Amino acid sequence: MIFYDDRTEMSSFFSIIITVKDVRDHIKEIFSESGTLCSIPDFEFRPQQLEMAMAIASAVESRSHLIVEAPTGVGKSLAYLIPAILHAVMKDRKAIVSSHTKNLQEQLLRKDVELARTLLPIEFNAALLKGRKNYLCTTRLQNAHSHQRQLFGKDETDELEMLREWAGTTREGDLEALPFPLSPSIRQQVWSEQGACSQKICGTGCFFQAAKVRARDADLIVMNHALFFTLLASQPQREGFLYDNDFVIFDEAHTLESIAGLGIGKDLSRSQVLYAIHRLYNPRTKKGLLSRIRKKQVRELCAEADEVVNEFFDAVVAAARRSGATKPTVRVRGPHLVANLVDPHLQQLQDMVKGLAKDPDSKLNKEELAIAHRLLWEAQTLIREFLDQPDPSLTYWVELPEKGSKNITLCAAPTDISTSVGPLLFRENTSVILTSATLAVAGSLDYIQSRLGARPAETLILDTPFDFRRQMRLIISGDIPTPDAADYERELPGWILSSIVRSRGKALVLFTSAALMKRMAHVLRAPLHEEGLQLLVQGTGPSRHDLLQEFKRDIDSVLFGLDSFWMSVECPGRGARTRDHYAASVCSARSSAD
């Protein structure tokens, strides 16, 4: 993650120049056939890119809304960054760019924003903002270190010491950038958490608080869709969306409907409820905030709640499967799917925590107790709402556990995004720009307009700059078993290996299941090594950014990745704009009907 927050006296000078020369003139100078961009090696004129940039400039200037389908190769990142930055600096507004994943956020900051900086005649500040749980909280780290014996085992305390050393060297405190794996129990105890991490408690020296300050002072903020809609739903109505006088550009906007619903919807998993209890006391590990308390009743309450929570979620799984559903997602069409076994137990724990927090003789950390109380209350409230279904505008469903997992999630989200999210987004006196390579249906953007409630938006569909019939080859295996077949996993390694050998590596293999990906990596690592090919696997240590950089460096390598590698991953080959003979495979753990 990178922040740029250096303002110089030259910025005001450049602002004067920009006001004299129209923004559209600057866009033409950058994107035209004889423009600045075309003078850079490996870039060439794209008329679609110029058209898109001009349309976005007009939309943000007139405070109107725009939907643009920009096929792969148009160069849409620069096409929206250039006009957005120019307008933000000129008009003293804040540009928000929202991408689908954190991986795309980092790619925008590291590559596209840096390129825009070389093209623009103006200084600007850009900041990347992630959800608070991505950041290390220095206050919570200190609390965890002070109470490590009651919270962690020996292996975890060793990790904690490594984390403390890393905290002294990192600038951003982004836990995704850790050079070593971190156990969930440590991560959950040190990430920024509402109630224990605030400017009043931590000051600006805390990594999350510092990130908020940089975002507040930036001209351009890059975040992801999930964070945008979570913040939008949690904040009171204001003149702008997240800041006064802001505007937003959604890249990979084809994912907005599902993510917006989840962002303003609600979900609760078995593991989340158990985590809320285990923060206090885990009957299996004998660790937790209350593990040193001598009162036997405290530990018994946690053990009873643990048992009842598991009974409750097992009952939900059984009830969902009795409906005859075979898919991992089951719609719940009426209230009271099962009895609310957990409510009194969660209430008892809340009462106990509240009493301990008020005890003047208690040596327990009050902020950590406040977090525990909030998590228990949220779990109790969400379970009640899921079972009672009080809101007719929401759809309720259960996500059943994958093979080998016991986790289950209760979910609720707006049934009609166009009436719930649409009015929040497509309001007057500001701009929403939507763009993606895949938005149109049958040559029209009517479908996404109706689904998102975006009828006020103008539309633009651009042509592709590529001849795909000549420049690519699509191969579909007709003889491999379907993902829900018993012999699918047995035959999949051979199919992947033969494809990779045929392309001599240069392969991005995409999975929808982390468990399947790891099993395939275990089976194929030795055969690929025999072929002289390096195998890179997401989630095995290096960050996504480091994996992608190594994938680009070793042109013949093979990368196994999950959803964060599914979109907008650019891998230029040697002396070429695209990876030579680039191969991509898609593997799913779900049925083909899904």
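A: Let us begin with strand pairing, whose definition is needed at once: two strands pair if DSSP finds at least two bridges between them. Please bear in mind that this is a predicted model. In β6 and strand β9 (residues 409–414), the pairing is antiparallel and runs over four bridges. Within this arrangement, S269 stands opposite T409 in β9.

Q: What holds paired strands together in general, and in what order do the four strands of the open sheet lie here?

A: Strands of a sheet pair through backbone hydrogen bonds, in either a parallel or an antiparallel manner. Here the order of the open sheet is β6-β9-β8-β7, with antiparallel pairing. The edges are taken by β6 (266–269) and β7 (329–331); each has a single partner strand, so one side of each is left without a neighbour in the sheet. From one strand to the next, the twist averages 20°.

Q: Which helices lie across β6, β8 and β9?

A: One of them is α13, which lies across β6, β8 (394–399) and β9 and runs at about 110° to β9. Another is α17, which lies across β6, β8 and β9 and runs at about 110° to β6.

Q: How should I read a salt bridge, and how many does the structure hold?

A: The criterion is a side-chain nitrogen of Lys or Arg within 4 Å of a carboxyl oxygen of Asp or Glu. The structure holds 30 salt bridges. One of them joins D251 and K76, whose closest N and O atoms are 2.5 Å apart. D251 is found in the loop between β5 (246–250) and α13 (256–264), whereas K76 belongs to helix α4 (residues 76–91), so the pair ties together parts that are 175 residues apart in sequence. D251 and K76 are both buried.

Q: Which parts does the salt bridge between R140 and E368 tie together?

A: The side chains of R140 and E368 meet at 3.0 Å, N to O. R140 lies in helix α6 (residues 138–146) and E368 in helix α17 (residues 366–388), so this pair ties together parts that are 228 residues apart in sequence. R140 counts as buried because its relative accessibility is 0%, and E368 counts as buried at 2%. Salt bridges that share partners also form a network, which joins K76, D251 and E252.

Q: Where does S183 lie, and which residues does S183 touch?

A: S183 is located in the loop between α8 (154–167) and α9 (184–190). The cut-off for a buried residue is under 20% relative accessible area. S183 has 15% relative accessibility and therefore counts as buried. Leaving aside residues up to four places away in sequence, S183 touches E156 and E159.

Technical notes
Residues numbered from 1 in each chain as written. Predicted model: local features only at pLDDT ≥ 70, side-chain atom pairs only at ≥ 80, totals over all residues. Heavy atoms only, no water. Helix = DSSP H or I, 4+ residues; strand = E, 2+ residues; numbered from the N terminus. Buried < 20%, exposed > 50% of the residue type's maximum accessible area, 1.4 Å probe, protein only. Contact = heavy atoms within 4.5 Å. Axes fitted to C-alpha atoms, helices over the stretch in contact; angles between N-to-C directions.
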